[in-house]
Amino acid sequence: MQKKINPGRLLLITFIVLISYFFLFPYPLGRELHLKPVWAKELRAGNFNGSSENEPITWLKMGDFFGYFNLSGDFYYVGRVFFDVALSNTGFVNFAKITENLVFIDNKGRFLFSFQSYGYPVLPDKGEGIFTVNTDLCGIRELNREGELLWQKEFATPITALSIKEDYLLIGLLEGRFELLDREGLLEFEFIPTGSRIETILGVAQMQRRLAVISGIDPQQLSIFEKKDQSFAPVFSRNLDTDFRREVMIDFSDDGRYLILEGPNEVSVLDMNNRSSYSLPTSGRLKNISAANEILITLSEVGGSTIFQVSGLPNQQLYSELISTQDVFLRQIDEHLFLAIDGHLVRIDVLEG
Amino acid sequence: MRNLFIFIYLLLSFTVNALEWPVEKVILTATFAESRQDHFHTGIDLGGGEQTIFPISPGEVVFAYEKRSDYSSLPVGLGNFVVLQHQESIRSIYCHLKDDTLKRSLTEFSLQDPLGTIGDSGHSHGKHLHLSLIDSEMKTIINPFLVLPPLTDRQAPVIRRLFMKGEEDLVELREGDELKTGEVHILAEIYDLREDVSFIWKLAPYKILLYVNGKEVNQMSFNFLQAEDGRLVLSDSREGYGELYVSDWIYKLGSLDLTPGETHMQVFSRDFAGNVSQREYFFQVKNSN
């Protein structure tokens, strides 16, 4: 006997299926974002008493100035760069052209410790590590706060690209190989991308269990590796239509969803979920990229000016502004943008809705 | 064997196009594998003020960096620099170029195309060109003297002092000394000298040899550096920086078990032009007790 379907029931099932479909496969409707200036502060060298102790402190660097501030715009320390400065959220090493003794100062301008080093310092943004890179780029070492050597690694070729995250160092080498070292300096993974007429490494990025590398000349290649079953393996490779002969900007967005890489007059965005590729046109020479909270900010230099561009990821162009100076600092923390321009630090919030 | 192979390979690589010095007026201010406080000097330094730099051989740009315009994920002690790819897998690196002189419009350079001007960008005590040669396939850093035209040099290296280091004390060795039995480390202060200046400007020698009672105990040649177990070592003797240098011009020549009787020790040092200096010591070794 054939059972008769109730039309009301059929309508309800259809409705549920449709609703489920939209939840499972949402259609990208675009985002309504707007920029809201919050404050602007003048930058001048000195020690300041930032008042909000509970707010996270972060750093800025613009031209000869560097310093620390919080989200409310309270400065803790602003100083002038000697030759260069290594900055992390907890402190800095302001160093001279010829180094021997380096001094670590905390983010409020207080001396913490000094250590001997003939290399130039690198401080990862997060964590307490202190690294130095040999001045000939043929070695890297990690020191403790007493200046004692924890480990070192030397190479018969200069380092061309470096990414230090909490647990790993990803090191690109001129000879065309890259190494992933753990925090003991031990080799976790190495790879030599092949298939180009000239092999070299031009850019590296890492995020959790993922590595991205730009390598080679003719053709230039993007390769992505993922850690599966305790070891890394290539999962994606693509030839690029670029011909860079210098280090290339490449980084993951803060959530790891997108890979952002520099292209000629564009920024390429690769969605790691489905490997879809997008392109956001830019003008001039790319100076800075930052991707957090599904927002991509780029600074590019044209003549003596800077183009400040805000996009929603993956490819929604939202805002573009020409700034008549090439010395611009950009830092993005979640939905907050910090721009240092002409001796001032400005906070702009990217709001949705 | 490996070194011989590398050397033959280098010779073959550069047979077609002979290499040229990268500057017109060659003033050598530092040599290959000198001590740099805590690591080897990985090239040679050439002074002579703001000279125009040319490629040592026709080549193609692999990598370049200028502090004023290029992004870098790490601090660059090499200053403004450019890397050229030559025949096979040989790459030459020209460092510390003067700001805004690096020629970026070309990717292929002939011998006559200027690369830039000598400067003091990056980790530099004064205007000079740091020139490095690497073999990206053999994974070695090459002493540029091996492949560049020879320089005139008539002065032999100086073997200034020898030291013996026992368990506790460090003593300077003198002719006719009486020493006690036991293991000692032989240290030597050795350097070559620039001929073009009237003051003392030290350079590293090319070879150091230690003989004891007519037998070769150790030989160090500054031909190639290669990475081994995460450190750079001289490819002949497999010695890393810490195993070779006590300080800038004091070398560890090896250890010796002194036995009773007369000992004859000879130290030879050679520069790249073939000038050799020698120092020898005769000393008596007596039982410790």
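Student: Leaving aside its neighbours within four places in sequence, which residues is Phe81(B) in contact with?

Tutor: The model is a predicted one, in which local features need pLDDT of at least 70 and side-chain atom pairs count only at pLDDT 80 or more, while totals for chains, interfaces and linings use all residues. Residues are numbered from 1 along each chain as its sequence is written, chains are lettered from A and ligands numbered from 1 in the order in which they are written, and side-chain values use heavy atoms, with hydrogens and water left out.

With neighbours within four places in sequence set aside, Phe81(B) is in contact (heavy atoms within 4.5 Å) with Leu137(A), Phe63(B), Ala64(B), Tyr65(B), Val76(B), Ile93(B), Tyr94(B), Cys95(B) and Leu102(B). Phe81(B) also belongs to the largest nonpolar core, which has 114 residues. Such a core is a set of buried Ala, Val, Leu, Ile, Met, Phe, Trp, Tyr and Cys residues joined through side-chain atoms within 4.5 Å. Buried means under 20% relative accessible area, exposed means over 50%, and partly exposed lies in between, with a 1.4 Å probe and protein chains only. The members that touch the most others are Leu259(A), Phe81(B), Tyr94(B), Phe222(B), Tyr251(B) and Met265(B). Strand β14 of chain B, residues 182-193, gives the most to this core, with six residues. Strands (E, at least two residues) and helices (H or I, at least four) are DSSP runs numbered from the N terminus.

A second, separate core has 24 residues, among them Ile57(A), Tyr77(A), Phe92(A) and Leu345(A).

Chain B has two helices and 23 strands. Its C-alpha trace spans about 75 × 40 × 40 Å along the principal axes. A compact globule of 289 residues would have a radius of gyration near 19 Å, and the 21 Å of chain B agrees with this; the radius is taken over C-alpha atoms, and the globule rule is 2.2 Å times the number of residues to the power 0.38. Of the 289 residues of chain B, 56% count as buried. Among its contacts between residues at least 6 apart in sequence, 64% join residues at least 24 apart. Chain B exposes about 12,500 Å², and carbon and sulfur atoms supply 49% of it.

Now to Leu345(A), one of the members of the second core. Leu345(A) lies in β32(A) and is the bridge partner of Ala340(A). Strand β31 (residues 336-341) and strand β32 (residues 344-352) of chain A pair in the antiparallel sense over six bridges; two strands pair if DSSP finds at least two bridges between them. Two residues separate β31(A) and β32(A) in their hairpin, where Asp342(A) takes a positive phi near 50°. Five of the six residues of β31(A) are buried, so β31(A) is largely enclosed by the rest of the structure. Strand β30 of chain A, residues 328-333, is joined to β31(A) by six bridges and runs antiparallel to it. Here Ile333(A) stands opposite His336(A). The hairpin of β30(A) and β31(A) has two residues between the strands, and Asp334(A) in the turn has a positive phi of about 55°.

Leu299(A) leads from these strands to another sheet. Its contacts, neighbours within four places aside, include Val328(A), Phe329(A), Leu330(A) and Leu339(A). Leu299(A) sits in strand β27 (residues 295-302) of chain A and is buried, with a relative accessible area of 2%. Between Leu299(A) and Val310(A) there are 9.2 Å from C-alpha to C-alpha, and the two are eleven residues apart in sequence. The order β26-β27-β28-β29 in chain A makes an open sheet of four strands with antiparallel pairing. β26 (285-292) and β29 (316-323) of chain A are its edge strands, each pairing on one side only. Neighbouring strands of this sheet are turned by 15° against each other on average, direction ignored; the axes are lines fitted to C-alpha atoms, for helices over the stretch in contact, and angles run from 0 to 180 degrees between N-to-C directions. Seven bridges pair β28(A) with β29(A) in the antiparallel sense, and Gln309(A) stands opposite Ser320(A) in β29(A). Ser311(A) is found in β28 (residues 305-312) of chain A and is buried at 3% relative accessible area.

Technical notes:
Areas by Shrake-Rupley, 256 points an atom, 1.4 Å probe, with all protein chains shown as cover.
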